[in-house]
Amino acid sequence: MPNDLSAISPYTATGGALSIAANRISYCLNLHGPSVAVDTACSSSLVAVHLACTSLWNGECPLALAGGVNVIIGVMPFVSFSRSAMLSPDGRCKAFDARANGFVRGEGVGVVALKPLAAALAGNPIYAVIRGTGVNQDGRTDGISMPSASAQAELVRETCRHAGVLPSQVHYVEAHGTGTAVGDPIEARALGTALGAECDGQGPCVIGSVKTNIGHLEGAAGIAGLIKTALLLKHGQIPPSLHFKNPNPHIDFEKLNLRVAQALESCPNGGEPLIANVNSFGFGGTNAHAVLQAMPNGQHQRRPARKRRSSARACLLSISARSDESLRGSCRNTRLFFRLAVR
C-alpha cells in the first residue's frame with residue numbers, strides 16, 4: 001500500500017521507477033549504448049523503435065533492441081476507460097467496422113533486434129528493412145485524447161519522404177485501429193489523405209489491425225504492429241483483420257481509396273520490393289509512423305556458412321535468487337530459453 005512505510009525496501013525505488021525498465025536490461029546484458037524508457041501511452045514502443053533507428057543512423061551503436069510490454073495488474077485503467085466508454089462491452093475489437101464499440105485491453109511483450117542493413121547482411125536473418133521512422137504531436141485538439149487527422153497525415157507524408165518512398169508505393173498499412181467510434185474515422189481519414197489518394201488507379205491501399213487478434217497492448221501496441229508487418233513482408237501474405245463485416249458509415253472507404261483486409265491474401269509480386277507502413281498514436285497526442293520494405297528476393301538468404309569450432313567452449317552463467325524456490329524456477333526458465341534459442 002502507498003502509505004505502508006514498512007513495505008518500502010531497498011528494492012522499492014529500482015523496482016518501481018520507469019527508467020529502470022530499460023536500464024535493467026542494459027545492466028543484465030552489459031549494454032553500453034543509449035538506454036531509454038519511453039512513455040507516450042499507446043505509441044510508446046513505436047516511438048522506441050524510432051529512437052533506436054535514429055541511434056543506429058547516427059552511429060551511436062551498432063545494434064539496438066527496441067520493444068514494449070503491457071501487463072494488466074491494476075483495476076484503475078479498466079474503471080477509467082469504462083467510464084469513458086472506450087472499452088468494448090462484448091470483448092471484441094472491431095476495427096473500422098460499423099459495429100465498432102471500443103477497444104479490448106491485452107497483455108503482451110515484443111522486442112526486435114535492429115542493425116544497419118550492411119551489418120545484418122553479413123550474418124543475420126532479416127525479416128524486413130526499416131526505411132524510415134517519424135514522430136510528431138497533435139498539439140491542441142478538441143480534447144487531449146482526441147486524435148488529429150491532419151497531424152497524422154503530415155507525419156505519414158514526412159516519414160515517406162524521409163524513407164525515399166512515394167505514397168503510391170505503399171501497399172499496406174498496419175493501422176493503430178483501436179475499434180473506437182472516434183479513433184477509427186480520424187485515422188482512416190489521415191491514411192486516406194496521405195496514402196490512399198496517391199494510389200488512385202492502382203487499387204486501394206490495404207489496411208488492417210493486429211488489435212483484432214490480440215487486443216490493445218497499449219504501450220506495446222506499436223511493436224506488435226511492427227512485428228506483424230515484418231512477418232507480412234517476409235512471407236508475402238496479408239492476414240485478415242478480424243471482426244470486419246460492414247464498413248463504418250463514418251468512413252468513406254471509396255473516396256479515401258482504402259480497404260480492410262478480410263481474408264488471407266498474397267502480396268503483389270511485382271518488380272519493386274513491397275512497402276508496408278505501421279501507424280500508431282497515443283491518447284496524449286504523440287504519433288509515430290514507420291516505413292518498412294521487404295527484402296529483395298534471395299537477399300535475406302545471404303548468410304555465410306557457420307564455421308565449426310575446433311573445440312567446445314564452456315561459459316559460466318551466474319544465476320541468483322532470494323530463495324531456493326526462486327532459484328530453481330530461474331534455472332528452469334533459463335534452461336528453456338537456451339533450448340529455444342539454439343533451434
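Is Cys205 buried or exposed? In this predicted model, Cys205 is buried, with a relative accessible area of 1%. Cys42 is buried as well, at a relative accessible area of 13%. Both values fall under the 20% limit for burial.

The cysteines were then examined for pairing. A disulfide requires two cysteine sulfur atoms within 2.5 Å. The count by this rule is 0 disulfides. Cys42 takes part in none, and the nearest cysteine sulfur, that of Cys93, lies 12 Å away.

Nonpolar side chains tend to be buried together in soluble globular proteins. Here, the largest nonpolar core holds 33 residues. Within this core, Val49, Leu114, Leu226 and Leu292 touch the most other members. Several elements give two or more residues to the core, namely helices H3 (44-57) and H9 (221-235) and strands S1 (64-70), S2 (108-114), S9 (275-281) and S10 (286-293). Leu114 illustrates the packing. Leaving aside residues up to four places away in sequence, Leu114 touches Val49, Ala52, Cys53, Leu56, Pro62, Leu63, Ala64, Ala66 and Ile130. A second core is separate and has 27 residues. Cys160, Val165, Leu256 and Val260 are among them.

Gln152 sits in helix H6, which spans residues 149-163. Gln152 has a relative accessible area of 1%, so this residue counts as buried. Beyond residues up to four places away in sequence, the contacts of Gln152 are Pro147, Ile186, Glu187, Ala190, Asn279, Phe281 and Asn287.

Technical notes. Residues numbered from 1 in each chain as written. Predicted model: local features only at pLDDT ≥ 70, side-chain atom pairs only at ≥ 80, totals over all residues. Heavy atoms only, no water. Buried < 20%, exposed > 50% of the residue type's maximum accessible area, 1.4 Å probe, protein only. Helix = DSSP H or I, 4+ residues; strand = E, 2+ residues; numbered from the N terminus. Contact = heavy atoms within 4.5 Å. Core = buried A, V, L, I, M, F, W, Y, C linked by side-chain atoms within 4.5 Å.
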